[in-house]
Amino acid sequence: MAPLLAPSLLAADFSRLGEQVRECALAGAPYLHLDVMDGHFVPNLTFGAGLIRALRSHAPELVFDAHLMVSRPDDFIAPMAEAGVNALTVHAEACLHLQRTLSAIRAAGMKAGVALNPATGLDSLRYVLGDLDLVLVMTVNPGFGGQSFLPQAAKKVSELAALRAESGASFLISVDGGVDAKTAPELVRSGADILVSGSFVFGHPGGIAGGLAALKDVIS
Ligand code: DX5
Ligand code: ZN
């Protein structure tokens with residue numbers, strides 16, 4: 001499967017979000033990555049279900065992939081489903097009862113994902129492999145866009161791909177943070193299926209379409 005591209009809305013022009021979401025869809029991005037931060041799990045605040053719901057009509061064809069960087073992810077499951085989120089990712093570090101949370105996400109009609117901070121190992125996933133549709137490997141510490149890629153993350157992606165192969169699980173592997181034309185090829189070689197990219201795509205001189213094309217170019 002060719003890797004899927006997921007522009008991260010965190011790097012968009014917040015004064016014209018609707019337009020930018022439309023542009024992502026017209027440029028053929030299959031996914032839209034939505035970073036929800038609560039100022040507690042990470043030292044930054046972004047947006048919540050209300051804004052996501054407002055954006056849904058601008059791009060009905062995009063997979064809305066929400067990345068919850070919040071301390072109490074269970075409280076967000078129903079609001080995110082109602083807002084039109086298709087895939088909901090929670091941080092392993094924020095979940096006391098990870099299996100219960102993943103089941104609740106699926107029961108709400110969404111794909112269930114787990115994100116791992118750079119310092120978190122793969123162990124927390126071992127007994128929930130069957131409950132997972134997506135694993136998001138953080139390639140920076142979460143909280144802000146525009147940070148430098150942590151090179152040790154590529155090894156984690158390969159180990160995760162090996163764990164998936166040996167267990168027969170079928171989740172997608174996504175990578176998030178510092179993904180650009182330089183870092184993408186190694187991540188794809190390591191086993192990434194979805195590339196989340198914020199500053200590179202939205203800051204590209206050729207606009208969103210130019211950024212996505214540049215990424216496609218280096219991974220094809
Ligand atoms: C960081 C977010 C990322 C962020 C990536 O906490 O999870 O999705 O938008 O931005 P870049 O691509 O600029 O590193
Ligand atoms: Zn993210």
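Modeller: Helices (H or I, at least four residues) and strands (E, at least two) are DSSP runs numbered from the N terminus. This is a predicted model, where local features need pLDDT of at least 70, side-chain atom pairs count only at pLDDT 80 or more, and totals for chains, interfaces and linings use all residues. Side-chain values use heavy atoms, without hydrogens and water, residues are numbered from 1 along each chain as its sequence is written, and chains are lettered from A and ligands numbered from 1 in the order in which they are written.

Colleague: Within what arc do the buried residues of α2 fall, seen down its axis?

Modeller: Helix α2 (residues 49-56) has A49, I52, L55 and R56 buried. They line one face of the helix, because the directions from the axis to their C-beta atoms fall within an arc of 125°.

Colleague: Which strands are at the edges of the sheet?

Modeller: The open sheet has eight strands in the order β1-β8-β7-β6-β5-β4-β3-β2, with parallel pairing; two strands pair if DSSP finds at least two bridges between them. Pairing on one side only makes these the edge strands: β1 (4-7) and β2.

Colleague: Which protein residues are donors of the zinc ion (ligand 2)?

Modeller: Donors are N, O and S atoms within 2.8 Å of the metal (3.2 Å for Na, K and Ca), and water is not among the atoms, so sites may look incomplete. Here the protein donors lie 2.0 to 2.3 Å from the zinc ion: H33 (NE2), D35 (OD), H67 (ND1) and D176 (OD).

Colleague: How many residues apart in sequence are the parts that H33 and H67 tie together?

Modeller: H33 is buried at 1% relative accessibility, and H67 is buried at 0%. H33 lies in β2 (residues 31-37) and H67 in β3 (residues 63-69), so the parts they tie together are apart in sequence by 34 residues.

Note on methods: Buried means under 20% relative accessible area, exposed over 50%, partly exposed in between (1.4 Å probe, protein chains only).
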